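Thanks for coming. I will go through a few side-chain and helix contacts, and then stop.

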Amino acid sequence: MQINGVTIDDTFAEAFDMKATRLVVTGQDPWWVSRACDALTGFGTSVIACGVEIDVEQTLAPDQTPDGRPGAMVLAFAASGTELRKQIPTRCGQCVLTCPTTAVFDGTGDLSVPVHRDDPVPLGKTLRFFGDGHQISKTIDAVRYWRIPVMDGEFVCQHDLGWFSGIGGGNFLLCGDSVAVVADACRAATEAIASLPGVITPFPGGATRSGSKVGSKYDALFASTNEAFCPTLRHLPQSQIDDQTHAVLEVVIDGVDQASIANATRVGILAAAMKCGSQGLHRITAGNYGGKLGKHHFHLHALLSGSAESPDSSTEDASS
């Protein structure tokens with residue numbers, strides 16, 4: 001398959017189940033919301049070492065938030081419910097409770113996937129103790145909130161958050177003749193994905209250069225560099241680097257369901273190909289482990305069916 005001169009490999013991205021939640025952070029104005037979210041989502045790229053993969057899904061207007069102020073929706077994904085229930089109160093306690101003017105609410109209410117309220121994420125249930133006995137609980141429409149006295153007034157947060165089964169590890173790899181080209185392609189892809197609901201791209205700028213494989217020669221590591229896509233290791237038998245490729249970047253996508261990741265993958269690939277197809281981006285592929293890591297498989301040709309150039313307009317094979 002060819003799109004704007006870029007070869008799309010006939011392969012699939014392999015993703016896996018994760019436990020997830022969604023928060024709404026509000027503040028006096030967008031600047032304070034952004035500062036709180038910058039801190040909340042910092043060091044949240046990969047569950048390999050960060051505990052949770054977390055990023056802003058979308059910004060919210062005042063008429064979209066529970067307290068009528070500017071806000072942001074944040075998605076968070078963890079390897080287990082236990083880790084999710086540990087990470088969210090810790091991050092909110094250190095990064096949002098501390099940020100002037102902010103409040104935090106459950107953002108899972110309008111999700112289209114099943115949301116679990118059993119064994120929820122204990123947000124205010126945990127943070128209330130900072131009030132040292134001066135905190136006040138209030139229930140409105142069967143939802144419990146906490147008002148914790150702080151130096152700019154009160155920090156308001158919901159007692160707990162629902163959680164749902166999300167998907168992590170959606171991906172595609174951009175292969176080009178220079179770092180500059182794949183970086184531009186990556187930016188085009190992640191900027192296009194940023195406008196979509198239900199997904200985040202948690203790595204810096206939405207992509208990573210340190211794509212990983214499962215396992216390592218060192219017993220202490222359960223992930224290590226994906227040498228099959230390292231240009232300097234093209235001499236290895238397992239290399240998947242072609243002669244034209246001198247740089248590869250991987251866009252990683254977490255989402256609330258398969259449809260969200262599938263749509264984001266399609267939109268991101270098209271954006272990258274259309275922006276850089278004539279500038280040195282020549283191939284887009286995806287990472288998988290032969291189906292052994294996760295049950296969610298995103299086949300690139302199926303996702304892009306109808307987006308490829310017709311055989312007559314392509315100078316290379318368009319067999320799909």
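Predicted model: local features only at pLDDT ≥ 70, side-chain atom pairs only at ≥ 80, totals over all residues.

**Aromatic pairs, then a helix contact**

One of the pairs is W31 with W32, in an edge-to-face arrangement, at 4.8 Å centre to centre with 85° between the planes. How exposed are these two? W31 has a relative accessible area of 49%, so W31 is partly exposed. W32 has 25%, and is partly exposed as well.

Then there is F105 with Y145. The ring centres are 6.2 Å apart and the planes sit at 70°. Planes over 60 degrees apart count as edge-to-face, so that is the label for F105 and Y145. This pair links distant parts of the chain: F105 is in strand β6, residues 103-106, while Y145 is in strand β9, residues 143-150, and the two are 40 residues apart. Buried or exposed, for F105 and Y145? Both are buried.

Now the helices. Helix α4 covers residues 179-193 and helix α5 covers residues 258-276. Their axes come within 8 Å and cross at roughly 140°. Over 145 would count as roughly antiparallel; α4 and α5 are therefore oblique to each other. The crossing is right-handed.

Which residues meet there? From α4, they are V181, D184, A185, A188, A189, A192 and I193. On the α5 side they are A264, V267, G268, A271, A272, K275 and C276. Sorted by class, the α4 and α5 contact has 11 nonpolar residues, 1 polar and 2 charged.

That is where I will stop.

Technical notes: Residues numbered from 1 in each chain as written. Heavy atoms only, no water. Axes fitted to C-alpha atoms, helices over the stretch in contact; angles between N-to-C directions. Helix = DSSP H or I, 4+ residues; strand = E, 2+ residues; numbered from the N terminus. Parallel < 35°, antiparallel > 145°, perpendicular 65-115°, else oblique. Left-handed = near helix turned anticlockwise from the far one by under 90°. Contact = heavy atoms within 4.5 Å. Nonpolar A, V, L, I, M, F, W, Y, C, P; charged D, E, K, R; others polar. Phe/Tyr/Trp six-rings, centres within 6.5 Å; stacked < 30°, edge-to-face > 60°. Buried < 20%, exposed > 50% of the residue type's maximum accessible area, 1.4 Å probe, protein only.
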